[in-house]
There are 2 protein chains.
Amino acid sequence: MRIVVLTGGIGGARFLVGVRAYARSVGAEVTAVVNVGDDVRMHGLQICPDLDSVMYTLGGAADPERGWGRVGETWVVKEELARYGAEPSWFGLGDKDTATHLVRTTMLNAGYPLSAVTAALCERWQPGLAMLPATDDRLETHVVVDVDGERKAIHFQEWWVRYRGDVPTHRFVFVGADAAKPAAGVLEAIGSADVVLIAPSNPVVSIAPILAVSALREAVAGGPAPVVGVSPIIGGSPVRGMADRCLATLGVEVSAAGVGRLYGARADGGLLDGWLVDDTDAGAAVPGVTTRAVPLWMTDETATAKMVEEAIDLAGPRTGDAERRGEAE
Amino acid sequence: MRIVVLTGGIGGARFLVGVRAYARSVGAEVTAVVNVGDDVRMHGLQICPDLDSVMYTLGGAADPERGWGRVGETWVVKEELARYGAEPSWFGLGDKDTATHLVRTTMLNAGYPLSAVTAALCERWQPGLAMLPATDDRLETHVVVDVDGERKAIHFQEWWVRYRGDVPTHRFVFVGADAAKPAAGVLEAIGSADVVLIAPSNPVVSIAPILAVSALREAVAGGPAPVVGVSPIIGGSPVRGMADRCLATLGVEVSAAGVGRLYGARADGGLLDGWLVDDTDAGAAVPGVTTRAVPLWMTDETATAKMVEEAIDLAGPRTGDAERRGEAE
């Protein structure tokens, strides 16, 4: 069996730990297609927060408390940059992380595509699955906000880290998406997948930038594999992060059903065949999509692998056989 | 009074501490013209060892034990780069140092010349004198060596740090010197100087790359200011570093007289009006150059300032008045 997972960073990384465990138990191959919309060049370093979160988490080197970055991280470089007055100073640039960024930036500047760079970095981390950026092209999520009485577009990282999303926010723009092509290997992975899973990542700023690569979205929506999403909302709140702020910006209800409808049914030009929600949200209906309610808290690897098993089960063998289908509105 | 000092890194930095002390006592202005031949790009970072040694030393942040780099330095980035297998792994890239290189590289990549970048970095360090790179252009010292039975040119840093100069060495090449122009401000400083001092730095790999910028050499050799050098050799040995290995490669005698003759008298197309040697080397004769023997050990700021005072005194008011002139051969 071949599993493709569309995923963002921290929550998606935790989900992937469960996918990997499940895949090992059944002998499946996994390809993670990772969001690059968060990527940003700071202090001359190309920083890929979601790729790094996935890589460090699967490599057993992520900080379990903070959720992002490396365990045992130190902050000398960041403190020194601040002493020079170098901006931005609000970004959490750890020393260990800096080495990752240096290797990546050096390879990118030498002409290697991000997918090849990611593979090279993964030789150290051995994540146990294939990691691909959604695209090798520049694709950055910018956010149109009002700051100091002025409307302007800022990088997603500035919105997320500096402002904690707490500024008047109008919309998200995926700069470069129009021209971006899927990274090497992405279309092949999706085309040969037995199932495509959408991780319980932020739908607006983690999954949407992946799908903003039009050829990638078409490969998923029009491909042979059933597509099952896992809700990032449990009982009206995001499992982690600021999906609520992001969904509010789009005018989307912060609920399992709201996000399911945002993705939409394949039959209606959307993405989903199946939608996995938490027991709490058992009543969530997504028109044209088979939903199933199971425990969605990723408390540990076993619980998460069980979730993944439910998602895979929901996908097939024939998606049409699945038990409950949301009513069309 | 205006003093210009041609200088390399560690030894030159220590000398400059004395120059600064002397200059403060007499109200003089100092411009240090610093070697860039050691500069190298590693892991995407533009590293300027001599500029940094001078900056950190004058800024009170140099490591007094190691001689180079920052006091209280940590090595997380370097260890992590090694874990990735990133080469070169033999270079001492400290975490604090990395921040300096990030700021520098970012500014260079944005188009600022090295002289402007150096001035920006010095806003933090307040070295108490003007620091200028010899050139804003690329000028790198490479070394023609035999390694593993093969003759090849390696970067000076590889020769110095990786091999400790302990490989068959044929010659030093200043790559880019033909096209390099003096950095902004250098010719003005030399042209308006009352005296030009040559620090007791390595003549072959610290001072020669500066003078390899032909317009700079002409400004010194043909300029109005008297030129006084300070011997880096005391009693047949370098005060520090590997000047002996370098001089041997050129077939130059490792002595105060040998280095003085290497620089040569201005009247003979060389550089020097005066040559300050250690008491031990009181007999050193350099044809056409006034020599003076004084204690040259830079044991502390006061001793070094006293050396500088002697050098300045040797320079004028009329160089022709100086007490002892080497015999022409």
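Predicted model: local features only at pLDDT ≥ 70, side-chain atom pairs only at ≥ 80, totals over all residues.
Biologist: How many helices and strands does the secondary structure of chain A come to?

Modeller: The C-alpha atoms of chain A fill a box of roughly 60 × 45 × 35 Å along the principal axes, and buried residues make up 53% of its 329 residues. Within that chain, the secondary structure comes to 12 helices and 14 strands.

Biologist: What is the radius of gyration of chain A, and what does the globule rule give for 329 residues?

Modeller: Of the contacts in chain A with a separation of 6 or more, 69% join residues 24 or more positions apart. Chain A is as compact as a globular protein of its length, because the globule rule gives 20 Å for 329 residues and the radius of gyration of chain A is close to that, at 19 Å.

Biologist: Which helix of chain B gives the most to the side that touches chain A?

Modeller: In the pairing of the two chains, 20 residues of chain B are in contact with 20 residues of chain A. Helix 3 (76-83) and helix 4 (95-109) of chain B each supply at least two residues of that side, which divides into 8 nonpolar, 7 polar and 5 charged residues. With 9 residues, the one that gives the most is helix 4.

Methods
Residues numbered from 1 in each chain as written. Chains lettered and ligands numbered in written order. Helix = DSSP H or I, 4+ residues; strand = E, 2+ residues; numbered from the N terminus. Rg over C-alpha atoms; globule rule 2.2 N^0.38 Å. Buried ≥ 20, exposed ≤ 12 C-beta atoms within 10 Å, placed from the backbone. Contact = placed C-beta atoms within 7 Å. Nonpolar A, V, L, I, M, F, W, Y, C, P; charged D, E, K, R; others polar.
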